[in-house]
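Okay, thanks for coming, everyone. Let me put the model up on the screen, and then I'll walk you through the sheets, the metal site and the open spaces.

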Amino acid sequence: MYILGLEGTAHTIGSSVVTDTGDVLSNISKTYQGKEGIHPREAANHHSSNILGIIKESIDVAGIEKDDIDVVSFSQGPGLGPCLRTTATAARSLSLSLDVPLVGVNHCIAHLEIGRLMTGAENPILLYVSGGNTQVIAFRKGRYRVFGETLDIGLGNMLDKFGREKGMTFPAGPVIEEKAKEGKKLIDLPYSVKGMDVEFSGIMTAALNEDATIEDLCFSLQETTFAMLTEVTERALAHIRKDEVLLGGGVVQNKRLQSMIKTMTEERGAEYYVPEAQYCVDNAAMIAWTGYIMYDAGISISVEESNIKQKFRTDEVEVSWR
Ligand code: ATP
Ligand code: FE2
């Protein structure tokens, strides 16, 4: 069986073909590079001018014909309205023209499911840190539940905003990681953990108001925010008694964040998993694969019910496939 999945919640538009046995036959994407951060309508224009080419390429690279596709899935939310609408429109047309079922996928859940497929983690806590999202997610009582999350912005967006103020190229996360390696002094920044939740805006403002070298600022930003994420993940591990930690989202490519989480996880005698980069960042393979396991559990939607959900909550979805 072949499943074609479309991702398009934010910067990245992607199309992927996977099989029902979990082989990723193609995983094609293009990312909108906004000079001033993300402008939703411009990103959506970028997606609509690229989507047909990307779909075709994903079918060609997979070595199949479009009539071989058995199911179409798409990222139904959460994300930016104009981007989600563009992606959903393409998915609906494809499903109608091929006369195959349509499956709407929650983007955050897809990060977790592709991580399980790629790493062999069975029942992990996912630390999902991207531009727009920062959440600690785990399976409990039939749903994926959010045990901690950002109360303001995603960590990636904070790093990108800080970088923009400091004249760095977009995305700033990798630039900050490089500069942080030269940092020597830990500047005292607000440590904002509230219960199981975190906040990043105040830390960014404080860092921008510090008179320090850019290297020390980057180092201190990373140490402070990554320690917050490590603390919350550790408490989730203890509280919900899981023994696996899985990373997902673009920010987890950061080697310093990986090493802090790995150390904490191993000290607790738990397993640590990180998928390869193409499955950490936003990608369509995760939507195709999650679309398949949902379809296999009997889930699909009609075109009439396929409206996008900008605020699609992780725990809204009844996880009947586990
Ligand atoms: P989402 O829709 O899930 O919020 P996104 O559009 O932000 O996703 P991702 O590819 O998951 O896309 O993540 C991009 C973010 O990852 C950017 O904010 C970028 O700065 C950050 N990032 C990438 N590499 C690194 C790194 N090495 N260190 C820190 N942050 C990084
Ligand atoms: Fe994402």
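Before anything else, a word on pairing: I call two strands paired if DSSP finds at least two bridges between them. Strands themselves are DSSP runs of E, at least two residues long, and helices are runs of H or I with at least four residues, both numbered from the N terminus.

Housekeeping next. This is a predicted model, where local features need pLDDT of at least 70 and side-chain atom pairs count only at pLDDT 80 or more, while totals for chains, interfaces and linings use all residues. Residues are numbered from 1 along each chain as its sequence is written, chains are lettered from A and ligands numbered from 1 in the order in which they are written, and side-chain values use heavy atoms, with hydrogens and water left out.

Zoom out and you get an open sheet of five strands, ordered β8-β7-β6-β11-β12, with mixed pairing. At its edges sit β8 and β12 (271-273), each pairing on one side only. From one strand to the next, the twist averages 25°, with axes taken as lines fitted to C-alpha atoms (for helices, over the stretch in contact) and angles running from 0 to 180 degrees between N-to-C directions.

Now the other sheet. Here we have five strands again, open and mixed, in the order β3-β2-β1-β4-β5. β3 and β5 (102-106) are the edge strands, each with pairing on one side only. The twist here averages 20° from one strand to the next.

Let me walk across part of it. β1 (residues 2-7) and β2 are antiparallel, joined by six bridges, with Leu6 opposite Ser15 in β2. They make a hairpin with four residues between the strands. Moving on, seven bridges connect β2 to β3 (residues 24-31), also antiparallel, and Thr12 faces Thr31 in β3 across that pair.

On to the metal. Which residues are the protein donors of the iron ion, ligand 2? They are His107 (NE2), His111 (NE2), Tyr128 (OH) and Asp282 (OD), at 2.0 to 2.4 Å from the iron. Donors are N, O and S atoms within 2.8 Å of the metal (3.2 Å for Na, K and Ca), and since water is not among the atoms, sites may look incomplete. Along the chain, the donor spacing reads H-x3-H-x16-Y-x153-D. His111 in helix α3 (residues 107-119) and Tyr128 in strand β6 (residues 125-129) are 17 residues apart, so the pair links distant parts of the chain. His111 and Tyr128 are both buried.

Last topic, the pocket. On a 1 Å grid over the protein atoms alone, a cavity is a set of points where a 1.4 Å probe fits but cannot get out, whereas a pocket is an open set with protein on both sides within 12 Å along at least five of seven lines; lining residues have an atom within 4 Å of a point. The largest pocket has a lining of 50 residues, and Ser130, Gly131, Gly132, Asn133 and Asn157 lie nearest its centre. What gives the most to that lining? It's α4, with six residues.

That's the tour, so over to you for questions.

Key: Buried means under 20% relative accessible area, exposed over 50%, partly exposed in between (1.4 Å probe, protein chains only).
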